[in-house]
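Good morning, everyone. Please take a moment with the sequence and the model, and then we will walk through a few parts together.

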Amino acid sequence: MATVHLRIGDLVWGKLGRYPPWPGKVVSPPKDLKKPRGKKCHFVKFFGTEDHAWIKVEQLKPYHPHKEDMIKINKGKRFQQAVDAVEDFLKKAKGKEQGSDGKGETKGKKTSNKPLKILEEDDEDLSALRDPSEKDLTDSDPESSTAEKLGAGASSGFKWKSPISEPVKNDPHFHHFLLSQSEKPASSMEVISKRLKIIEEDTRSTSIQAADSTAINGSITPTDKRIGFLGLGLMGSGIVSNLLKLGHVVTVWNRTAEKCDLFVQEGARLGRTPAEVVSMCDITFSCVSDPKAAKDLVLGPSGVLQGIRPGKCYVEMSTVDPETITELSQSITTRGGRFLEAPVAGSQQLSNDGTLVILAAGDRSVYEDCGSCFQAMGKSSFFLGEAGNAAKMMLILNMVQGSFMATIAEGLTLAQATGQSQQTLLDILCQGQMASTFVDQKCQNILQGNFKPDYYLKHIQKDLRLAISMGDTANHPTPMAAAANEVYKRAKALDQSDNDMSAVYRAYIH
């Protein structure tokens with residue numbers, strides 16, 4: 001196959017995780033940000049986002065030859081804005097290259113037929129032409145490689161070339177991103193780069209996860225089915241955002257209508273009632289706070305049940321008790337609808353990142369129809385059999401998590417009461433067998449007094465209560481969960497309901 005040589009400044013289509021191919025430019029990485037070992041890749045800055053990533057050469061294609069194909073397969077609003085940004089840069093670069101006389105000459109010098117580089121909007125450098133001495137990058141260069149060209153088809157495998165500019169180290173947006181990862185500016189880029197979250201993707205590209213980089217799974221093709229989504233809370237908002245990013249056609253509804261505005265701006269459609277959303281869509285998801293809200297959404301005025309027709313699919317993602325799932329399933333299927341429960345294990349951050357774990361049960365064919373949706377919102381999914389099984393498993397998981405959080409809070413307060421350093425306790429925990437992101441993040445929340453909700457305290461207490469009730473039904477003791485539940489009830493009495501679950505700490509210090 002022919003080889004395409006990429007150079008600093010080339011415009012490309014880059015394939016990052018589950019995202020569709022996105023326009024970007026090859027740029028110089030920060031000096032101390034090393035290229036991943038054994039990977040032939042380039043450092044790419046993506047248009048229309050704050051993302052920068054190391055991308056393998058086979059995940060890169062030149063911008064111009066593949067532009068039309070890419071535009072055909074990607075219709076999202078943000079994608080179009082990114083393409084428009086590329087075109088704006090091209091026009092600006094062409095204008096500067098032509099000079100003030102508009103005849104392709106700049107101050108008496110004849111323009112050569114060399115590739116243009118794209119200037120940043122605030123770039124005052126009028127030199128739009130590459131220096132003749134600029135060489136093609138080779139694999140022997142520390143920040144370069146070559147890409148093998150595939151056929152022109154955009155839907156073929158990604159082995160992908162063409163024009164862009166200034167090193168990313170001179171980009172103020174990049175510095176803002178790097179510095180935002182640390183609490184205070186570091187004295188060197190090496191210190192900062194160590195704090196960056198590096199993700200090994202299924203595609204074997206390594207990306208620096210910026211605010212807009214949520215995709216860590218392999219590429220997906222969005223379903224052609226129309227998707228509805230009811231409930232835009234902490235979890236639902238991140239889920240819908242990722243569905244839209246991956247190209248799904250989504251209609252949204254929320255009890256507080258203003259929450260829909262942002263998603264409509266991003267390309268979602270607006271439904272006036274749950275019934276209308278279900279009638280307009282092939283698959284409708286819901287994610288609300290508790291069993292009462294879930295039942296009201298289905299059985300209430302202008303509810304889901306009024307829009308259900310034979311073949312319509314309804315997916316309940318709320319964490320509720322198995323009895324509620326049985327009632328909802330029977331209501332939907334009696335009308336000829338198809339039902340799946342799919343509660344999610346995770347937090348707001350994991351929802352935003354598209355790394356939830358989906359627990360599904362019910363109609364297996366609906367589970368399969370939801371394949372691309374589950375890939376967009378989560379890192380893995382499990383099918384657990386008949387409806388009700390996922391609710392049971394979800395309550396067990398949250399019972400364990402809630403009890404564990406209460407124990408962590410108890411340990412931190414006991415350390416303080418006995419004159420021990422809470423920070424040292426955290427350091428020891430994070431070096432031992434209990435080390436986890438959960439322990440680190442929740443303890444840091446407590447030590448910093450930051451209880452911004454990632455998972456509402458009132459919701460974990462609700463899950464503990466439901467798990468205890470489930471234990472009663474099965475005649476199985478749940479003494480640890482019962483003790484933890486009392487601590488969360490105390491925290492709720494101290495007005496901590498709408499804080500993060502880690503605010504259970506405050507129940508021990510009042």
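**A helix, some strands and some charges**

Let's start with helix α16, which is mostly covered: twelve of its 17 residues are buried. Buried means under 20% relative accessible area, exposed means over 50%, and partly exposed is in between, with a 1.4 Å probe and protein chains only. Helices here are DSSP runs of H or I with at least four residues, strands are runs of E with at least two, and both are numbered from the N terminus.

A word on the source. This is a predicted model, where local features need pLDDT of at least 70 and side-chain atom pairs count only at pLDDT 80 or more, while totals for chains, interfaces and linings use all residues. Residues are numbered from 1 along each chain as its sequence is written, and side-chain values use heavy atoms, leaving out hydrogens and water.

Back to α16. It covers residues 457-473 and reaches 25 Å from its first C-alpha to its last. That is close to the 24 Å expected at 1.5 Å a residue; the expected span is 1.5 Å times one less than the number of residues. Among its buried residues are L457, I460, L464 and M470. K462 and D463 are both buried too. What do the side chains of K462 and D463 do? They meet in a salt bridge, 2.8 Å from N to O. By salt bridge I mean a side-chain nitrogen of Lys or Arg within 4 Å of a carboxyl oxygen of Asp or Glu.

Now zoom out. The chain has 17 helices and 20 strands. Buried residues make up 50% of its 510 residues.

Next, strand β16, residues 313-316. C313 and V315 point one way, Y314 and E316 the other, and all are buried. Which strands pair with β16? One is β15, residues 283-286, parallel over four bridges. Another is β17, residues 338-341, also parallel over four bridges. Two strands count as paired if DSSP finds at least two bridges between them. Follow Y314 across: T284 stands opposite Y314, and in β17 the bridge partner of Y314 is F339. From β16 the chain crosses through helix α9, residues 322-334, to β17, and this β-α-β crossover is right-handed. Right-handed means that, with the strands pointing away from the viewer, the path from the first strand over the helix to the second runs clockwise.

Now more charges. Side chains of opposite charge can pair when their charged atoms come close. The count here comes to 13 salt bridges. Take R226 and D282, whose side chains meet at 3.2 Å, N to O. Why does this pair tie together parts 56 residues apart in sequence? Because R226 lies in the loop between β11 and β12, and D282 in the loop between α7 and β15. R226 is partly exposed, at 38% relative accessible area. D282 is partly exposed as well, at 24%.

Then there is D363 with R338, their closest N and O atoms 3.9 Å apart. D363 lies in the loop between β19 and α11 and R338 in strand β17, so this pair ties together parts 25 residues apart in sequence. Salt bridges that share partners join R338, D363 and D369 into one network.

That's the tour. Questions, please.
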